[in-house]
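Thanks for asking me to look this structure over with you. Keep the viewer open while you read, and turn to each spot as it comes up.

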Amino acid sequence: MASTSLAPTPSSIHFSIHSALRNEGGRKPITQFPRISLKWRRNPSAAASLHGVAGGRGEEGGGDALNGSNNGVKAVELIGVSDVTHAEISSNDSQTLPRPLSVSDVANSVDGSRLRVAYQGLPGAYSEAAAAKAYPNCEAVPCELFETAFDAVERWLVDRAVLPIENSLGGSIHRNYDLLLRHKLHIVGEVKYAVRHCLLANRGVKKENLKRVLSHPQALAQCEHNLTKLGVIREAVDDTAGAAKLQDTGAVASSLAAEIYGLDILARDIQDDSDNVTRFLMLAREPIIPSTGKPFKTSIVFSLEEGPGMLFKALAVFAMRDINLTKIESRPCRKKPFRVIDDICTIPLKYFNYLFYVDFEASMADPNAQNALRHLKEFATFLRVLGSYPMDVTEA
C-alpha cells in the first residue's frame, strides 16, 4: 500500500527498537542514547470517548483508552543506557535518528510543548513526511507497528497519530481499518501525500552496476515497469535495514531517506504512475466539533442483517438526501465471522459476516447527515461514527 515504511537503512546502521528517543533539538550526532524518564500526565477528559451512534446488536470495538483517577505526577524510568544498542553510522555527516517505539514502550506519556505525532516506520518513511504536512513543526515519533501508534495516542505517550488508510494505486490499508474499530480514537482530519519514489544506493555506486533492488512490496510494485527496464532483481522486504549493503544492491525509497542515511539518488520519480497519492488519517483521543463552514467528510462503520437488498437500502439513505459517498470498504467481522440463517432448507445456511466502512461528504453538524444516520440506524445491527473532520482540499 505505498507509504508505510519505505526508508532504507544501510547495513552500517543498526537499531535496537526498545523505546522512543526524545530529541527536542533535532537530530544531533550522539554516541549513545541517553537515559530518559517519563512524567505522567492526566487530563480529566481522557476517559471521555464519543463512539458515535451505536446500534443494539453485534457491536464491535474494544481497546478502551487509558483512564482512571489522577494519582499525581510520578517519574517512570523507561530504559537504561546500558539496555540500548548504539546507532553505528559509517558516514561522519550522518545523524543519529530516533528509534521507533515498540509495543513495550507504550506505557506512559512525556510532557512537552511541541505536538508529538506518531507514525509507523523509520525516519525517512513517507509517513513521517505526511505527519509533517499534517502537523507542521511537530515532533514526529516513529513506531514499529500501526498498533503501537494507536496505543501511543490512547495512553498519552503522543498527542496524535498520522497513519495511511488508502493509496491511489495500491488500494486500502486493511490493517488500519481493523484497528479503527478495535480502538476508540477519533478521526480529526485527513492529509494526502504524493509518493515520489527514488532509486538509492551507496556512495559511488552506478545505476548500471545494480543487480538487486530492495524495498517494501508496494513500493516495488509501483515501480515495476521502470525496474524491469533496469533488468534488476526485485526483492521485497518488510524492514529495509541493510538494503544498500552490497555494491550491486539498491533500494527504492524517498529522497528524505537518501539525505538521512547518506545514500546517493541514482534516479528520481521512478514510480510507473505519476498519480501516486496516499491518503492518511489524523487520529486523536477526542473528536473535533464539526461545522458547516467548510467542506467536511464523515467516516462511519456499520453492519447489516443478511438479506436481499440490505446494502442497497443502507446506501439509499445517503442517495435520497444527495449525500455523496467517497469510499466504501467491506471487512470481515472478526469477532463473529459467520452468521447462520435458518431457511426452508434442512441445513442452516452459513454466511460471511461483514462490516461496511463508508466515507461521505457531509458534516455531522448538517441536519441532513444526522437524518441519514438516524434512518440507517433503524435497520443497521451496528453503527459507529469514526469521525467528522475537514476534507483535505490541498494539492497532494
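This is a predicted model: local features need pLDDT of at least 70, side-chain atom pairs count only at pLDDT 80 or more; totals for chains, interfaces and linings use all residues.

1. A word on the source before we start.

2. Let us begin with strand β19, which spans residues 380-390. How many of its residues are buried? The count is 10 of 11, so this strand is mostly covered, given that buried means under 20% relative accessible area. Its partner is strand β14, residues 296-304, and the two pair in the antiparallel sense over nine bridges. To find the pairing on screen, look for Thr298, which stands opposite Ser388 in β19.

3. Strand β7 covers residues 186-194. Seven of its nine residues are buried, and the strand is described as mostly covered. Which strand does β7 join through eight bridges? That strand is β13, and the two run antiparallel. A handy landmark here is Val191, with Phe280 of β13 standing opposite.

4. Now for the charges. In general, side chains of opposite charge can pair when their charged atoms come close. A search of the whole structure finds 12 salt bridges. One of them is formed by the side chains of Arg279 and Glu166, at 2.9 Å from N to O. Arg279 sits in strand β13 and Glu166 in strand β5 (residues 160-167), so this pair ties together parts that are 113 residues apart in sequence. Is Arg279 buried or exposed? Its relative accessibility is 6%, and therefore Arg279 counts as buried.

5. A second salt bridge links Glu190 with Lys297, whose closest N and O atoms are 3.1 Å apart. Glu190 belongs to strand β7 and Lys297 to strand β14, so parts 107 residues apart in sequence are tied together by this pair. Glu190 counts as buried because its relative accessibility is 6%. Lys297 also counts as buried, at 6% relative accessibility.

6. Arg279 comes up again in a salt bridge with Asp359, where the closest N and O atoms are 3.2 Å apart. Because Asp359 lies in strand β18 (residues 354-360) and Arg279 in strand β13, the pair ties together parts that are 80 residues apart in sequence. Both Asp359 and Arg279 are buried.

7. For a contrast, turn to the surface. Glu224, Asp272, Asp273 and Asp275 form a negative patch there. Asp275 is in the loop between β12 (264-268) and β13 (277-284). Why does Asp275 count as exposed? Its relative accessibility is 56%, and the cut-off for exposed is over 50%.

8. Helix α1 runs over residues 126-134, and seven of its nine residues are buried, so it is largely enclosed by the rest of the structure. Those buried residues are Tyr126, Ser127, Glu128, Ala129, Ala130, Ala131 and Ala134. Helix α8 (residues 367-377) holds Leu376, which counts as buried because its relative accessibility is 0%. What separates the C-alpha atoms of Leu376 and Lys313? The separation is 8.6 Å, for two residues that are 63 residues apart along the chain.

9. Finally, here are two backbone angles to check. Trp156 is not a glycine, yet its phi is positive, at about 70°. You will find Trp156 in the loop between α2 (146-154) and β5, and with a relative accessible area of 8% it is buried. Asp322 is also a residue other than glycine with a positive phi, in this case near 60°. The place to look for Asp322 is the loop between α7 (310-319) and β15 (325-332). Is Asp322 buried or exposed? Asp322 is exposed, because its relative accessible area is 74%.

Conventions: Residues are numbered from 1 along each chain as its sequence is written. Side-chain values use heavy atoms; hydrogens and water are left out. Buried means under 20% relative accessible area, exposed over 50%, partly exposed in between (1.4 Å probe, protein chains only). Helices (H or I, at least four residues) and strands (E, at least two) are DSSP runs, numbered from the N terminus. Two strands pair if DSSP finds at least two bridges between them. Patches are made of residues with over 30% relative accessible area and no salt bridge: like charges are joined within 9 Å, nonpolar side chains (Val, Leu, Ile, Met, Phe, Trp, Tyr) within 5 Å. Accessible areas come from the Shrake-Rupley method with a 1.4 Å probe; for residues, only the protein chains shown count as cover. A salt bridge is a side-chain nitrogen of Lys or Arg within 4 Å of a carboxyl oxygen of Asp or Glu. Lys and Arg count as positive and Asp and Glu as negative; His and the chain ends are not counted. The place of a charge is taken as NZ of Lys, CZ of Arg, CG of Asp or CD of Glu.
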